[in-house]
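Okay, thanks everyone, let's get going.

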Amino acid sequence: MTHGFDEAEYAALVRAFPPRPIRDEAQLNDTEGRIEELLSLEVRTDAEEEFLDLLANLVHEWEREHTPIPPVGGVEVVRFLLEQRGLPDLALTRVFGSRSIVSEVLAGKRGLQAKHIQKLADFFGVSPACFFPIAPETEVA
């Protein structure tokens with residue numbers, strides 16, 4: 001038994017919304033609805049937090065199996081980071097050395113080089129791995 005954890009409250013949450021592996025969109029929507037209800041509470045008990053964690057894991061498992069994430073190229077990541085930080089393209093001049101190279105890279109006419117990737121990682125404060133596309137998962141027999 002965990003200190004401050006109310007087993008009876010947790011059991012009541014489970015009885016009210018029995019957690020099960022998500023098999024279809026309807027179950028997904030129901031589970032997300034229950035998650036939203038829990039998230040809307042101003043203060044959650046330990047039992048509610050545990051139940052929320054369980055439901056979030058069920059949704060995560062569904063999404064992992066049913067929601068493909070396409071590979072994203074380095075240039076798309078650069079554009080995203082610029083947008084998120086509210087920076088103009090020209091902020092990258094010191095990374096690439098000239099305005100024309102910035103334009104060519106962002107237009108897809110020139111690829112990212114290793115020296116650019118490290119400078120971009122330093123500039124944005126992220127891992128250099130962010131600028132390499134993730135290879136699609138392959139099934140192992």
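Predicted model: local features only at pLDDT ≥ 70, side-chain atom pairs only at ≥ 80, totals over all residues.

Let's start at Leu58. If we skip residues up to four places away in sequence, Leu58 touches Pro19, Arg20, Pro21 and Ile22, where a contact means heavy atoms within 4.5 Å. Residues are numbered from 1 along each chain as its sequence is written, and side-chain values use heavy atoms, with hydrogens and water left out.

Back to Leu58, which sits in helix α3, residues 46–66. Helices here are DSSP runs of H or I with at least four residues, strands are runs of E with at least two, and both are numbered from the N terminus. Buried or exposed, then, for Leu58? Leu58 is buried, at a relative accessible area of 17%; the cut-offs are under 20% for buried, over 50% for exposed, and partly exposed in between, with a 1.4 Å probe and protein chains only.

Zooming out a bit. The chain has seven helices and zero strands. How spread out is the chain? Its radius of gyration, taken over C-alpha atoms, is 22 Å, well over the 14 Å that the globule rule gives for 141 residues, so the chain is more spread out than a compact globule. That rule, for the record, is 2.2 Å times the number of residues to the power 0.38. The C-alpha atoms fill a box of roughly 65 × 40 × 25 Å along the principal axes, and 27% of the 141 residues count as buried. Looking at contacts between residues at least 6 apart in sequence, 59% of them join residues at least 24 apart.

Now, charges. We have 14 positive and 25 negative ones, and their mean positions are 15 Å apart. Lys and Arg count as positive, Asp and Glu as negative, while His and the chain ends are not counted; each charge is placed at NZ of Lys, CZ of Arg, CG of Asp or CD of Glu.

How many salt bridges do we get? Five, taking a salt bridge as a side-chain nitrogen of Lys or Arg within 4 Å of a carboxyl oxygen of Asp or Glu. One is Arg34 with Glu37, at 2.9 Å, N to O. Both partners are in helix α2, residues 25–40, three residues apart, or about one turn of the helix. Arg34 is buried at 16%, whereas Glu37 is partly exposed at 44%.

Another pairs Arg44 with Glu49, again with 2.9 Å between the closest N and O atoms. Arg44 is in the loop between α2 and α3 and is partly exposed, at 26%; Glu49 is partly exposed too, at 35%. Leaving out residues up to four places away in sequence, Arg44 touches Leu38, Leu39, Glu49 and Leu52. Phe131, on the other hand, is 38 Å from Arg44, C-alpha to C-alpha, and 87 residues along in sequence.

Last one: Glu65 and Arg64 meet in a salt bridge at 3.8 Å, N to O. Both of those residues are exposed, and together with Glu61 they are linked in a network of salt bridges.

Okay, that's my tour.
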